[in-house]
Amino acid sequence: MKTSRRNFLSFALGVPIVGATLAACGSSGPGGDSDKGGGGAGGTYWYLSVDPNETIRRTSLDRFNKAKPDEAIKGTAFQNDAYKEKIKVAIGAGQAPTVIWGWGGGGLASWVDAGAVEDLTSWFDDNPDQKTRRFPSSFAAATVDGKIYAVPAETVTPIVLYWNKKVFKDVGVEPPTTWEDMLALVPKFTEKKIAAFSLAGQSRWTNMMWLEFLFDRIGGPEVFQAVFDGEKDAWSNPASIKALGEVQKLVKAGGFVKGFASITADTNADQALLTSGKAAMMLHGAWTYGSMKTEGGDFVKNGDLGYMNFPPVAGGTGDPSNTYGNPGQYYSLSSKASDAEKKAAKDFFATQVLSDEEQSDWVNDAGQVPIVVGVDSKFSGLEDADWLQFVYDTASKAQTFSQSWDQALSPTAAEELLNNIAKLFSLDVTPQEFADNMNAVIGK
């Protein structure tokens, strides 16, 4: 079971997951039809494979097709990378599926620019309960120029600062409450030959999470919002320069595990460093909880895993409740669909997406937190109730829940960002050089 912030494959909790996985094996694959009841009269729906999520998506669609056979939608599942290419080509050719699964943000904005997806603002106006039942923070990545172009769906996964309680106890220190505490802990762990922070630096997006929080805590979400809005030289904001300098301060202090630039998140090696006690802390997505539980021996079972939101920076203006990560997944409606297909899709959105049954599937079969206000009432009695409640509180109480930068930006700007982040962490660029390089691709 590997870490994937796209599929949240790792967030599997207990026996029900295994059952769901086995049930789906052989029923679908890249480009394969995944539903058995959809006759296609209501159009088509493309979504990601990989269980337990695929089974939950298919089950929800099957429920709709059984209830509305005259509007049956044909579903097809694709693996992640294949889907990205397939949907890009289909939209370019004007042959997109009726319902388009997506990540929102920069990708959705490009579909809007191409006129490929419907404006759903009036649908939400006509169905106000569909808006009020979802986390307000889930709508930002669905909104382009003030209009809603996607239905926020599925689950939320904030980025979390994990810590090893046993290591902290052995070294005789307390978990950090500020960024300054985090820096001060580095020499105390180093003296005991323990890395303060595990990091899978070769993956680059893992490094990016540090910048997201430091930018936010020092200057607030407005700093990156200016980049997203395409403001000239937005990366040169003094808060940006300070944040870039702070992360290099941590690198120079030896805060990250030795050789971090050669560690990949796909191997879960970064999580193993934390669960084995070779590292004291790790900044990573909520999707890693399940793999730490299944692959980390008794680490989670024994109560050695601690977790918290990223602490504030002294003098910073960002609200400490703010968080980053994946505020949801997103279903768009193709502008090329027929009127009958659009009606079927909207009926699917209204009656099955995040229905009570689907909410229970996400909680019980996938161990994930749907983006539904009040869904925490379903956590009572579950083995991981405390963890689920933490995720729910972090997401629902955040003043601002921002989307991961590489999802929010265009593919061109995102790749340049990841390249420069790698250089920043290897100390091959200064904060100002980083800002200059990124200013050059604003709006591209």
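Tutor: A term to begin with: contact means heavy atoms within 4.5 Å. Also, this is a predicted model.

Student: Fine. What covers the buried residues of α18?

Tutor: The cover includes α9 (205-219), α11 (238-252), α17 (405-408) and α19 (431-439).

Student: And which residues of α18 are buried?

Tutor: Ala413, Ala414, Leu417, Leu418, Asn420, Ile421, Leu424 and Phe425.

Student: How far apart are the end C-alpha atoms of α18?

Tutor: They are 21 Å apart. Helix α18 has 15 residues, 411-425, and at 1.5 Å a residue it should span 21 Å, so the two values agree.

Student: What follows α18?

Tutor: Leucine 427, with a positive phi near 65°.

Student: Switching to α15. Which of its residues are buried?

Tutor: In α15, residues 356-366, they are Glu358, Gln359, Asp361, Trp362, Val363 and Ala366. Just after that helix, glycine 367 has a positive phi of about 65°.

Student: New topic: serine 203. Where is it found?

Tutor: In the loop between β9 (195-198) and α9.

Student: Why does serine 203 count as buried?

Tutor: Because its relative accessible area is 17%, and buried means under 20%.

Student: What does serine 203 touch, leaving out residues up to four places away in sequence?

Tutor: Ile263, Thr264, Ala265 and Asp266.

Student: And how far is serine 203 from tyrosine 83, C-alpha to C-alpha?

Tutor: The separation is 21 Å, with the two residues 120 apart along the chain.

Conventions
Residues numbered from 1 in each chain as written. Predicted model: local features only at pLDDT ≥ 70, side-chain atom pairs only at ≥ 80, totals over all residues. Heavy atoms only, no water. Buried < 20%, exposed > 50% of the residue type's maximum accessible area, 1.4 Å probe, protein only. Helix = DSSP H or I, 4+ residues; strand = E, 2+ residues; numbered from the N terminus. Expected span 1.5 Å × (residues − 1).
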